[in-house]
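Subject: The structure I promised you

Hi,

Here is the structure we talked about, so please open it next to this email.

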Amino acid sequence: MHAASMTAVEVLLHEFYQPTTSNARKREIETNLLAFKSQPEAWQLCLRVATASNSFMENQFLWFFSTSTLEHTITRRWSQLTAADRTLLRETLWNTYAQLPALTAARRHRDTLAQLIALMGKREFPEQDPNYMKHCMEFTKTRFALGINLLRVTSEEVVSNRGDLTTEWKQYFYSCISMCIPDVMDLVTKYLLIAVCHINGKDIQATIPSTLMDISLASSLPNDNQLSSSILELLACVQHLVSWIRTELISEYFLMSILDLSQWRPGHEPISLASLSVLNEMLYLQKPLPYAGTLMSGVSSLLEQHNGNKQQSEMYSDKFRELLRLYTTKYAAKLMQEPELLETFLNLLYGCTTELHGALDFTEKLDIWTPIIKGIAQQPGKMTRYNQVLTQLVNEIMRRTQFEANKAELEVLDNEIMEDDSPTTEWQQFLDQCFECLALLASTRGAHIVFAQVFAHWSRPQMYLMSLDNALDHRSAARKHKLANIGEILRDFATVCQAVVRLAPLMDTSAAAAAAIGSGVADEMECQLQMLSDSLLQTLQLLASNRIGGSEMDKANFQTDLDNLYAQVLLAIRSIFPLSKAMGSEELLHRLFVILGSIFACNNSLSAASPIVQQAASELLLFISTVIRPKCLLEIPQIQSLLQAGSRLGTQLPRQVCINVHISLVSYMVLPWKCVPEQQQDYQRRLWMLREYIDGLAQNFLELDLNLTGESKVTATTLSLLGTLTALIEYFNGCGGNAKDMLASTFKPILTKALMIFNSYGLNSIAMAITVAEFSLSMLRTLPTHLGAQFIKEMITLFINVSSREQLTLSRLAVMEKVLQMFKLIVEQPGSTSLALLPSILDFSTQQILPLLQQQNAATDSSEITSLLYALFDSVLTCKWQFFYKNQLQSNGHASAAGTAAAAATNTTNFNCSDNLHPGLFMAILNAYGQMLVSGTDPSNVRNVLFSMQNVNERSRLYQRALFKEQLLASFQRALLNLLLSGEGALHFDMIAQALFAMGQVDHRQLLESLTQASLPVQQTTLEDICQTSDIPTFTQKLTQLMQDAHCVHLNETT
């Protein structure tokens, strides 16, 4: 090999980076370059290029290729170099690095050479190059910028997770470097002290005691025009060091220096930012830091300086805010032990919080308060000392959410949906964060205290609306003036309503709560709730009158704000309904339902309520029907009108509103009325009403003649009804047995009709099949026992038979998702009723669904249905183990006491293969598990399979069963080892290790054989040692080292 080779490489690189070069040609060039890089003598040519003067500036493409070749040689071919070659490489790179112009060398040039030196040091220190660290520190004293940079790069290599060295050598290198770290920290601390003196314009000899300082070091960090860049290099090195060294090596002078450099200095902003990054790095550590008092006092001083200086950059403010958040999270408990320091800090923090830097800045500062507020809540005896500042914080939160006081910040918040999959707007997110902090303060200081502060903001917007109503009555000349900022008033009113809704659940006035908080506080809360109830009803009546508005305003924006307020008032009423005693009276309910009736009025007039108001009203109606459950509802005319409207509601109300109304009405008929004796519940009459109501909704569906009606009409009728009934029946999943009996007898005819339709049309109409399957699933989920075992058996058999009539296709998998969910529900039901269905369920799942998923795995995203299929298999193994092994487990899946004792006595017993009652189905499930592990393409499902196997083995000793041990154990071990050696193996290492360990405990020899067959590049004694390990932590540790060393050897062998 000669210089001509490098010329050819240069030509190839030039061609590679030409924009006209095709991708095919680039791949060809890349192959040629990799072949050159792997040649034994290539590094020598590349070393000449990498270390030649001006080579970096003349041809950077060639220079970087040369250095990458050197890196390849060091990391992959180091063991093949002779001692002389290693010495040549080391000394040449050191000399080149030492001769770099520290002030003008390109950072990438310098860092690349430092990286190569550190990689060699990682292989030679301390055996072949015992003075490596000493050279680095001495180099720092003569060429500061280059030396401190080399220390940083070496620090990065100490904790690097490269796979190019064995675990043993990495640990050895780490321990050897750690022995040098005290000297390194002493050196960088002295440089930090020098930096502080230079930055503050102080004399080093007069400021730093001679016992702490080597004055000769000052010459390597002079106070010249390169001071800032030198200090930044120092701080970059320090930041990486503190991320991994022992924290007890951090001295008080080190800490004080970083705190001093973190102060805002307009002329040295990068230094301030870098110093804050060091502090944040330390606070991120999950271990205690020394000199807590110094750090706490220093942070308070930084906060005081921050509040006194209004010219700080946005970047500094952001990083300082991050510091405060980390600080309060880590030191809240220690601050609680220093009341005077905490009081001072809270006052300073409040001053920082009130600064106007935007809504996002404000909510992030509220996060800083959270750990401290929680800490104060745990020590209520110390609450009084901090009452004033916490009271101020509540007022500040409310002030910042009101347009009247904070229009400049609020009007820039976007009220559009932030993301397609999230209903939250930027404006709503801001309010939510503010109100969460209010709720935290309320739970700390007392809900009635914070509620009073929030409710104080109620009167202004309410009085404004009342006065506007009065102006409209009298055609006042002030009307136009009053309408000028009505949008902001409406938004402020809606905001206060949201705050009330968030705080209301904390206002518990029950007897138990009154005993805990005192009768006086409970009476005060009740009084506050009464005032709020009156105000809400008064406001609701005004809004329902549709009197507010006029041609003088922007109608679209005004109506949006008015609708939002209307909805928030309704939600506020729902929130306080169970808390206020006055809200439960019949007179109030009648007043309230007059308004709700007008909202649900099925007309197309211009005054009809908007969807957002109808949604809020439906949620209030739903709450009253399902939680309050008064007996008098049927006597209210508006409820009678809704009952009579029946199916017409679906054509005139939004879908979710319509569903909420249906659920509300059905709840009234099936749920027990509150405060009414059992004998007066009148369930027989209510059952008759329920059937009449549901039959009215389903009349067109039930009357369908499948022989005479066209498919399009059947489909439209089915989709329209069953979609609504599915949501309705799902709601009652958690209700009592009596209600479910009523629902089962009422809905069973509808389900029967739906199954007839499915039997007739099969999977030809995918939309209709999905809808029927969803409804059937909902019925099965809500009424698992009330439908009857025979009915459920016939239903499942029908789904299997119909789905088996034609070959499954990808488009029909959506139906199978619902079918698999039904299977899983049945399998998980207690008892042995479902055992008769298991052969059919497993045959269908393994012979029809599984092959289709395996064939189409690469063609389409079927991960969801795949997850359902494997979840079904897991349920079969965990819940119905007795299907495979008689008398081993009880029907609920738990081992009996006698069985457990017997198992303990014969831990290594092999159970006979013939003990398995259904070996074919058992093997089908486990083969599916094995295929998932072999493919390894779906990390989520691979992990689910590993977890399932671990769980089944712990519950039922799966690996000890003769059928598994004799026919599957070796295959699973090979699959697990192959997965572990693959790129995806690291994702599941913990669970793979546990599985291999458990299998090894069953048969040590088989595990050793599997490890040997994996051709791992380690000695046989190492494998034997792993197999003989008797505890999982040691096994995991040894397996980790084995895999890392195997990877390292693989890299060095594939050069």
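To start you off: in which loop does Asp682 lie? Asp682 is in the loop between helix H33 (655-670) and helix H34 (683-702); helices here are DSSP runs of H or I with at least four residues, strands are E runs of at least two, and both are numbered from the N terminus.

Before going on, some ground rules. This is a predicted model, so local features need pLDDT of at least 70 and side-chain atom pairs count only at pLDDT 80 or more, while totals for chains, interfaces and linings use all residues. Residues are numbered from 1 along each chain as its sequence is written, and side-chain values use heavy atoms, with hydrogens and water left out.

**The overall picture**

The protein has 50 helices and two strands. Its C-alpha atoms fill a box of roughly 100 × 85 × 65 Å along the principal axes. Of its 1055 residues, 52% count as buried (under 20% relative accessible area; exposed is over 50%, partly exposed is in between, with a 1.4 Å probe and protein chains only). Among contacts (heavy atoms within 4.5 Å) with a separation of 6 or more, 74% are between residues 24 or more positions apart.

The domain assignment (automatic or from a database) gives domain 1 (291-445), domain 2 (685-787), domain 3 (791-883) and domain 4 (916-1053). The centres of domain 2 and domain 4, taken over C-alpha atoms, are 47 Å apart.

Mean pLDDT (the predictor's confidence in each residue, from 0 to 100) is 88, and 92% of the residues reach 70 or more. Residues 889-908 stay under 50 throughout. Where pLDDT is low, the predicted coordinates should not be read in detail.

Most residues other than glycine have a negative phi, and most peptide bonds are trans. Back to Asp682: its phi is positive, near 55°, and the residue is partly exposed at 33% relative accessible area. Asn54 also has a positive phi, near 70°. You'll find Asn54 in the loop between helix H3 (42-51) and helix H4 (55-58), and at 53% relative accessibility Asn54 counts as exposed. Then there is a cis peptide bond joining Phe125 and Pro126, with omega about 5°. Pro126 sits in the loop between helix H7 (107-124) and helix H8 (132-142).

**A helix to look down**

In H29, the buried residues are Leu588, Leu589, Leu592, Phe593, Ile595, Leu596, Ile599 and Phe600. Seen down the helix axis, they fall within an arc of 160°, so they line one face of H29 (the arc is that of the directions from the axis to the C-beta atoms).

**Two buried residues**

Thr746 is in helix H36 (residues 737-761) and counts as buried because its relative accessibility is 2%. A polar atom of the Thr746 side chain lies 2.8 Å from the backbone oxygen of Met742. Beyond four places in sequence, Thr746 touches Leu687, Leu690, Arg691 and Ile694.

Leu969 belongs to helix H46 (residues 969-981), and is buried with a relative accessible area of 1%. Leaving aside neighbours within four places in sequence, Leu969 is in contact with Phe964, Met999, Asp1003 and Gln1006.

Happy browsing!

Methods: A polar contact is a pair of N or O atoms within 3.5 Å; within protein, one must be able to donate a hydrogen and the other to accept it, and residues adjacent in sequence count only if both atoms are side-chain atoms.
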